[in-house]
Amino acid sequence: CRARDGALWFGGDGPELSIWKNGRFSSYTLHSMPPFAFVRTMLCAENGDLWIGTSGGLVQLRDGSEKRLSVAEGLPDDRIFSLMQSRDGSIWIGTDDGFARLRNGEMESFRSSNGLSQSAVYALFEDSEGGIWAGTKNGLNQFLDGRSIPYTVSEGVPSNNTGPVLEDRRGVIWVGTVDAGLARFDGRRFSPLPRSALASKTVRALSSAADGSLSARRRATAASR
């Protein structure tokens, strides 16, 4: 992730983080990370905090000080898959057993009993209307005004094995899947992109450029719209 000072932070297997700044690499070692854990996702928050989602809990790094959060502090599960910060400053954490919202020091969890279609949350996104999207292995969920709206192949999603979600400048929601490519949602229906438009049917990340173009990435290859 990119920090406010322009530094790029990288995580991987083990507690060692890499930082690219001013044309050179340096490193930082997480001391609160459990043995044998690895980094799955990272979030550079607006206030300068660095959040590191690992296979053994969530680590908050602030001004060189670490704080580890686990199920003991209210997380649904210690296995973290995704992180997001919403416009109100809340930190959203996708785990192997639902997702949580951390706001003003309070942790609130959402699981299958709250309308989530499957427990493992691999992607989180906030759209322009304040709706929260959660991608799972059993479909996509939109949480809006306290309601959970599920989207699966029955509603036109190309696959229930959903991944990253992104909204473009026109308000179109783009949904990547792990095994069936990419689809766009105009608020009424999903329209899958032709398979020939992508380098692979596996979409693990989505990003938008300043000119509004969209890139879908899987490992080392990407396709642009």
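Modeller: A strand here is a DSSP run of E with at least two residues, and strands are numbered from the N terminus. With that in mind, and remembering that this is a predicted model, we can turn to the largest pocket, which holds about 1200 Å³ of space. Its lining is made up of 37 residues, and those that lie nearest the centre are Thr 41, Pro 164, Arg 204, Ala 205 and Leu 206. Several strands supply at least two residues each to this lining, namely β1 (8–10), β4 (39–44), β8 (80–85), β12 (121–126), β16 (162–167), β20 (205–208) and β21 (214–218). The largest share comes from β16, which gives 6 residues to the lining of the largest pocket. When the lining residues are sorted by class, 19 are nonpolar, 8 are polar and 10 are charged.

Ser 82 counts as buried because its relative accessible area is 4%, and the cut-off for buried is under 20%. A polar atom of the Ser 82 side chain lies 3.2 Å from the backbone oxygen of Val 121. Leaving aside residues up to four places away in sequence, Ser 82 touches Thr 41, Trp 92, Ile 93, Gly 94, Val 121, Tyr 122, Ala 123 and Leu 124. Among these contacts of Ser 82 is Thr 41, which was already named as one of the residues nearest the centre of the largest pocket.

Definitions and conventions: Residues are numbered from 1 along each chain as its sequence is written. This is a predicted model: local features need pLDDT of at least 70, side-chain atom pairs count only at pLDDT 80 or more; totals for chains, interfaces and linings use all residues. Side-chain values use heavy atoms; hydrogens and water are left out. On a 1 Å grid over the protein atoms alone, a cavity is a set of points where a 1.4 Å probe fits but cannot get out, and a pocket is an open set with protein on both sides within 12 Å along at least five of seven lines; lining residues have an atom within 4 Å of a point. Grid points are joined across faces, edges and corners, and a volume is the space filled by probe spheres set on the points. Helices (H or I, at least four residues) and strands (E, at least two) are DSSP runs, numbered from the N terminus. Ala, Val, Leu, Ile, Met, Phe, Trp, Tyr, Cys and Pro count as nonpolar, Asp, Glu, Lys and Arg as charged, and the others, Gly among them, as polar. Buried means under 20% relative accessible area, exposed over 50%, partly exposed in between (1.4 Å probe, protein chains only). A polar contact is a pair of N or O atoms within 3.5 Å; within protein, one must be able to donate a hydrogen and the other to accept it, and residues adjacent in sequence count only if both atoms are side-chain atoms. Contact means heavy atoms within 4.5 Å.
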